[in-house]
Amino acid sequence: MRERCRPRGRREAGGEAAAAAPLREQRGAPAGGGRRAMEEGAADLRQRRKQNCTESDKMAPEERNKENSKLGRSPKYLLIQRFAKLFFGCLAAVTSGMMYAVYLSTYHERKFWFSSRQELEREITFQGDSAIYYSFYKELLKAPSFERGVYELTHNNKTISLKTINAVQQMTLYPELIASVLYQASGSEEVIEPVYFYIGIVFGLQGIYVTALFVTSWVMSGTWLAGMLTVAWFIINRTDTTRIDYSIPSRENWALPYFACQVAALTGYLKKNLNCSAEKFCYLLVSASTYTFMMMWEYSHYLLFVQAVSLFLLDSFALAQTEKVHEVYKIYLFSLLLGYLLQFENSALLVSPLLSLVAALMLSKCLQMNMKKGTFLSRLLKIMYIYLVLTITLTLNFLLKMFVPHKENEHLLKFLEVKLGLNTTKNFTMNWLLCQESLQAPSQDFFLRLTQSSLLPFYILVLIICLFSVTQVIFRRICGEPLKETVKLEDGRIGERPEIVYHVIHTILLGSLAMCLEGMKYLWTPYVCMLAAFGVCSPELWMTLFKWLRLKAVHPILLALILSMAVPTIIGFSLWKEFFPRIMSELSEIQEFYDPDTVELMTWIKRQAPVAAVFAGSPQLMGVIKLCTGWMVSSLPIYNDDDLLKRNENIYQIYSKRSAEDIYKILTSYKANFLIIEDSICNEVGPVRGCRVKDLLDIANGHVVCEEGDSYAYSKYGRFCHEIKMNYSPYVNYFTRVYWNRSYFVYRINTVISFQS
């Protein structure tokens, strides 16, 4: 930190010679002095760099006071003006976050009629993996002590039959640990129910998410009007900006608010001419939020890898201060190593691409420092430097995976191969993942929704202007022209601001991923809202456009200031007129989520099933059973463990064309006592025929052969989920129906086989 705190007049290493000339004049040396004078000037510059942060902060107000006196404004007047701007901006940011949290809470209440439901009916609203996360939160609260609850989760053998798992590590249950500690430590047991406390924390984090986006656009544009527009676009496009409507306890809903805070702090940290106190605050916030984000989500290091690539490109073209960028690399390194230790030596962090890239960049730091002299040789070496970093990164990652025992998600690499058309497979799990909506390319409706809210057109406009400006800056750097220390409004060079360049690169990388996987839109769209709002509210962006157009009819600076206020105001009023009635109708409309068949099933299990019973069925249903009843299950909707993925595929065979004996052997191998057939899966009529569970099973088992566009099915057995309902031999020999309703059929797996004719 001592190296980062420097006087405001500091220049890049490439501009040392230019900075030495004014110093020679101050020392009385002739302008055309020899090498000795240049050395003395450079030494004087280095001496100035060693001044402490306090002296630089004391000098800065004096210089500003002189400038203010020239403009006829008293320092007291400007201080009041800045304080008022900061106060009202912070008030607007906090208010926006709080109102969004209240909006989510109200919408959730209206959608599920949550307060009038019984506990069982409330828990059914958590589906799939969300049910598993909340079930472990319930177990922590029921434990006699927090330490005992943590021990039972780390040595959990009461969830999945014949398997002991470290649930904290495998499912990243740190949010549940924090929520349970806060619930018990705050004495909320007598004030609020556990479920309301849990979802209240998640909604509060979403409010912080919105506030962080507000602050980011405010820091970039200089006006909190951009923050208001960001929040408006975020809420209007809520379907594409957040998954909070579908799965409240999901890891990304806990983690992404911290990432938004990290991006906001990083945006401020990359700014030029930042005073020492603000720089220290941003640095500490980046450090804390980076580590917290990494602890909250198992896939966080992949998103941080994308961010690290953005910073690497930013630094490679000398568009940011190298010291700052490398300080962020150190934060990555520290967070990875500390996360490895506190996540039970999670080897996935050691073999992550983020660690390999950061290590390669740190090893190449010395080489990079010698390449910012502006010569042709340095520019040639810079290309070699990029190649060197990429080579070292790939080599380190390969070596780490060879020597570090890990269970990295190998199915992800296979998935990417099939997704990119490099390979084909009949594997059920792989094809099932490929059929998931979040892993397919975004639909046209997605782009249509963004266009109807006017977000996409303004985003493209802002991105094009910023991208061309950044390209111009890179071209100037290649030609040896140094960056300006202070970019003024009349310069029209928005691409010289490092925080802008970072966001341009980052949004392009995230956008590229979102174009391939629809699930990535929840990472990309919020920053689309932020970048578009920043652009239309930034006078610098309009001034950059006017510089290219060579506008002379109207004073360009005045016009830029007018447009930066008028355009967002017009957008805001149009959004208010069109979308505000829709939002209010959502809150006033009473919806009712009720699933009586599932409620009846859970009630029957709690009343009739033995306590030691093990249930088998689809992983999504098993998650709900674990939450609502606490009974042991044979599989769970967890997709980061090869053994559980294989279990899921085997249990899904109940919907394939296999014999009763085969299914019986599979279920008894997992010590299952009861089998649940879901009519919705057995009689599934999907929009894409090849993506139904039973179709994928037939392909994997070789029961369907596709030749020249025609499908041929062959199997001497009928579909198990249909045949078992007929109650004839040999199915009744292995299974006995004990309960059924319109949606579910429950069969007891016979321990003693009685053969009937």
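Visitor: What percentage of the 757 residues in the chain do buried residues make up?

Guide: Buried residues make up 51% of the 757 residues in the chain, where buried means under 20% relative accessible area, exposed means over 50%, and partly exposed lies in between (1.4 Å probe, protein chains only). This is a predicted model, in which local features need pLDDT of at least 70 and side-chain atom pairs count only at pLDDT 80 or more, while totals for chains, interfaces and linings use all residues. Residues are numbered from 1 along each chain as its sequence is written, and side-chain values use heavy atoms, with hydrogens and water left out.

Visitor: How many helices and strands are there in the chain?

Guide: There are 36 helices and 7 strands; helices (H or I, at least four residues) and strands (E, at least two) are DSSP runs, numbered from the N terminus.

Visitor: Which residues touch the most other members of the largest nonpolar core?

Guide: In soluble globular proteins, nonpolar side chains tend to be buried together. A nonpolar core is a set of buried Ala, Val, Leu, Ile, Met, Phe, Trp, Tyr and Cys residues joined through side-chain atoms within 4.5 Å. Here the largest such core has 208 residues, and Leu311, Leu675, Phe720 and Phe735 touch the most other members. Helix 10 (residues 194-221) gives the most to this core, with 15 residues. Leaving aside residues up to four places away in sequence, Leu675 touches several residues, among them Ala616, Phe720, Phe735 and Tyr747, a contact being heavy atoms within 4.5 Å.

Visitor: Why is strand 3 described as largely enclosed by the rest of the structure?

Guide: Strand 3 (residues 674-678) is largely enclosed because 5 of its 5 residues are buried. In a regular strand the side chains alternate between the two faces of the sheet. In strand 3 both faces are covered, with Phe674, Ile676 and Glu678 buried on one side and Leu675 and Ile677 buried on the other.

Visitor: In which sense does strand 1 pair with strand 3, and how does strand 7 run?

Guide: Two strands pair if DSSP finds at least two bridges between them. Strand 1 (residues 614-616) pairs with strand 3 in the parallel sense over 2 bridges, and Leu675 of strand 3 is the bridge partner of Ala616. Strand 7 (residues 744-749) and strand 3 run antiparallel, joined by 5 bridges, and Arg748 in strand 7 is the bridge partner of Phe674.

Visitor: Which residues make the nonpolar surface patch of about 620 Å²?

Guide: The patch is made by Phe83, Phe87, Phe88, Leu91, Trp224 and Met228, and its largest share, 4 residues, comes from helix 4. Helix 4 (75-112) and helix 11 (224-236) are the elements that give two or more residues to the patch. Phe87, which has its place in helix 4, counts as partly exposed, at 45% relative accessibility.

Visitor: Where do Ala318 and Glu345 lie, and is each buried or exposed?

Guide: Most residues other than glycine have a negative phi, and most peptide bonds are trans. Ala318 has a positive phi of about 55°; this residue is in the loop between helix 15 (300-316) and helix 16 (322-342) and is buried, with a relative accessible area of 4%. Glu345 also has a positive phi, near 55°, and is found in the loop between helix 16 and helix 17 (347-350), but Glu345 is exposed, with a relative accessible area of 55%.

Visitor: Which peptide bond is cis, with omega near 10°?

Guide: The cis bond runs from Ser729 to Pro730, and Pro730 lies in the loop between helix 35 (720-723) and helix 36 (731-734).

Key: Patch = residues over 30% accessible without salt bridge, like charges linked within 9 Å, V, L, I, M, F, W, Y side chains within 5 Å. Areas by Shrake-Rupley, 256 points an atom, 1.4 Å probe, with all protein chains shown as cover. Salt bridge = Lys/Arg side-chain N within 4 Å of Asp/Glu carboxyl O.
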